[in-house]
Amino acid sequence: MTATCQLTGAAPSFGKQVSHSHVRTSRRWDPNLQRKRYVVPSLGRTVTLTLSVRAIRLIDRIGIEAAVVRIRARGGKV
């Protein structure tokens, strides 16, 4: 499973961790991804999506139907 949100496309970002002695080592920041099930009436079934918490809040605002349209517009599968 890739660490990418299906709705917003949030992916890990990369950078350096700097210690107290300023030794720099590589690290990555992962998005806060959760697996969430939704009932989609237009599809007549439930779908399980891998979403960031920000995307879950977005679905609460716009609704699952509009979110499915956005996911398909990005080229994602539902």
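Leaving aside neighbours within four places in sequence, Arg 70 is in contact with Leu 7, Leu 58 and Ile 62, contact meaning heavy atoms within 4.5 Å. The model is predicted, so local features need pLDDT of at least 70 and side-chain atom pairs count only at pLDDT 80 or more, while totals for chains, interfaces and linings use all residues. Residues are numbered from 1 along each chain as its sequence is written, and side-chain values use heavy atoms, with hydrogens and water left out.

Arg 70 lies in helix α2; helices (H or I, at least four residues) and strands (E, at least two) are DSSP runs numbered from the N terminus. With a relative accessible area of 41%, Arg 70 is partly exposed. On this scale buried means under 20% relative accessible area, exposed over 50%, and partly exposed in between, for a 1.4 Å probe and protein chains only. The C-alpha atoms of Arg 70 and Thr 8 are separated by 8.9 Å, although these residues are 62 apart along the chain.

The protein chain contains two helices and four strands, arranged along the sequence as β-β-β-β-α-α. Its radius of gyration is 16 Å, whereas a compact globule of 78 residues would have a value near 12 Å. The radius is taken over C-alpha atoms, and the globule rule is 2.2 Å times the number of residues to the power 0.38. Along the principal axes, the C-alpha trace spans about 55 × 20 × 15 Å. Of the 78 residues, 24% count as buried. Among contacts between residues at least 6 apart in sequence, 37% join residues at least 24 apart.

Strands β1 (residues 13–18) and β2 (residues 24–29) run antiparallel and are joined by six bridges; two strands pair if DSSP finds at least two bridges between them. Phe 14 has Arg 28 in β2 as its bridge partner. The hairpin of β1 and β2 has five residues between the strands. His 22 lies in this loop and has a phi near 65°, a positive value in a residue other than glycine. His 22 counts as exposed, because its relative accessibility is 53%.

The largest nonpolar core holds 15 residues, of which Leu 7, Tyr 38, Leu 49, Leu 51, Ile 59 and Ile 64 touch the most other members. The elements giving two or more residues to this core are β3 (33–40), β4 (45–52), α1 (53–62) and α2 (64–73). A nonpolar core is a set of buried Ala, Val, Leu, Ile, Met, Phe, Trp, Tyr and Cys residues joined through side-chain atoms within 4.5 Å.

Ser 52 lies in strand β4 and is buried, with a relative accessible area of 6%. Not counting residues up to four places away in sequence, Ser 52 touches Cys 5, Thr 8, Asn 32 and Leu 33.

Lys 36 lies over the face of Tyr 38, at 5.4 Å from the ring centre. A charge sits over a ring if NZ of Lys or CZ of Arg is within 6 Å of the ring centre and within 35 degrees of the ring normal.
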